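Visitor: I like to know the criteria behind the labels. Could you walk me through some of them?

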Amino acid sequence: MSRALPKQKKIFQLPFAYVAGMAALVLAFGCKPAATVTKKDEGDKPVRVRTVSLVQTDIERSCVQPATILPFYETEIRSRLSGYVEEVLVDIGDVVEVGQVLARLSVPEMEKRIGASESQVALLKSKELEAEAQVSLAKATVKAASAKLEQARAELLEEEASLAAADAELSRTKDLVQRGSLQQRLLDEAQKKRDSAQASQSAVLSAVQSAEAEVAVAQAAEAGAQAAIVSAKASTSVAVMQLEEQMVLLSYAELKSPFAGVVTERHVSVGDLMRGTLEAGSATLFVLHQTNKVRIHVPIPENHAPFVQPGDKLTITFPAFASEPPLEVAVTRVSSSLDASTRTVTAEAEVENPEGKWLPGMFGEATVGLETNVATNMLPARAVRFDEQGKAFVYLVDANNSVTIAEVQTGMDTGNEIEILSGVDLGQTVIGPHLARFTEGQIVEPL
């Protein structure tokens, strides 16, 4: 049985003459579609653009930076003594006055030490009184010895006068005896009288010397007593100062507020054991903020830092008070060096805060006035382009409407305008806002 063959598809072939005629017709009318011709015509037409010129404009130079509210004073209260917390008198949010007691510690060993020091001071004061009595006695002894010396000196004068009289009488008697007017016996009596006066003088002179020695001894005793009282007073003074030091240390058992403010942190409870040291104190017990006046800190970048001076205006807005007008204050002071980590200087303003409206830690945005009416070269912000590396450039348009791509150095950005520091000269024309990208040498049609 024979197999059936598959059906063959019919192939229609055009006559050669017909194909040749169609080819001739295409060659006669051209091979380009009409739409293609239109697109080529549109591509050759210059792009219409709006141009702007670099002009010098007087502007008010400013910068916008974050602002932070800080307390006027902030301090951590620590204990310099070791002891148990006996009372805690304040808590967070409490308003305190200067010198108000915040907490008390119990330090019984310090009280005992103070009692011992008071007894020591009393003992030394009694020794001081004893030394003063010795001084008085020594002065009396000196006075008595001095009186005795004066008496001996007076007696010496008398003996010297008697000796002089005896010498004179002896001399006269000798002369009379030699002349034979008196007997030898009278000369011998005058000689004995003179010798007796001389002996009396010597005895009184010895008494004077003895009295002088007694005076010297009494004066030395007085000096010793004076030295003893000075020593006693010095010992008493040292003991008193030690007692006062202990009293000062005991006063630290009462933790007091150094200024009027608000307690913002409390880290202590009754019964806690504080381990304080005189050098570093204990751990932080309380944190106090003075908020009736606050400080506002604004970090100023390095490129703006030279232009910020005390008295410059700060205009500050706060998210917490978005519906209120901005706060306008003057710069009170500026730090004199850059922070090494942020490369900024700190501008600070003081603001009165009697109602406690401004809370430490609040964040805001500050506009800092740097210079007023500064002439600078400006272009509209949308006329300045930036490439993938962030470099700024503009499309310059010359007199022949040819485009040149010029790299520029920018400065201040106001949001609407950008300062041009270099790359474009005053009066030169650049392409303004436009979505298209242009190539070097492209011809444009300025509007």
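Guide: Gladly, and we can start with accessibility: buried means under 20% relative accessible area, exposed means over 50%, and partly exposed is in between, with a 1.4 Å probe and protein chains only. The model is predicted, so local features need pLDDT of at least 70 and side-chain atom pairs count only at pLDDT 80 or more, while totals for chains, interfaces and linings use all residues. Residues are numbered from 1 along each chain as its sequence is written, and side-chain values use heavy atoms, with hydrogens and water left out.

Visitor: Why is Glu-160 called partly exposed?

Guide: Glu-160 has a relative accessible area of 35%. That value falls between the 20% and 50% limits, so the label is partly exposed. Glu-160 belongs to helix H3, residues 108-179, where a helix is a DSSP run of H or I with at least four residues, a strand is a run of E with at least two, and numbering goes from the N terminus.

Visitor: How do you know that E4 and E9 pair?

Guide: Two strands pair if DSSP finds at least two bridges between them. Strand E4 (residues 83-88) and strand E9 (residues 273-274) are joined by 2 bridges, so they meet that rule, and they run antiparallel. Tyr-84 is opposite Leu-273 in E9. E4 also has 4 bridges to strand E6 (residues 101-106), again antiparallel, and there Val-85 faces Leu-105.

Visitor: Why are Phe-321 and Trp-358 called edge-to-face?

Guide: Their ring centres are 5.3 Å apart and their planes are at 75 degrees, so that pair is edge-to-face too. Both Phe-321 and Trp-358 are buried.

Visitor: How do you know that the charged end of Lys-357 sits over the ring of Phe-321?

Guide: A charge sits over a ring if NZ of Lys or CZ of Arg is within 6 Å of the ring centre and within 35 degrees of the ring normal. The charged end of Lys-357 is 4.8 Å from the centre of the Phe-321 ring. Likewise, Arg-295 has its charged end over the ring of Tyr-73, 5.7 Å from the centre.

How values were computed. Phe/Tyr/Trp six-rings, centres within 6.5 Å; stacked < 30°, edge-to-face > 60°.
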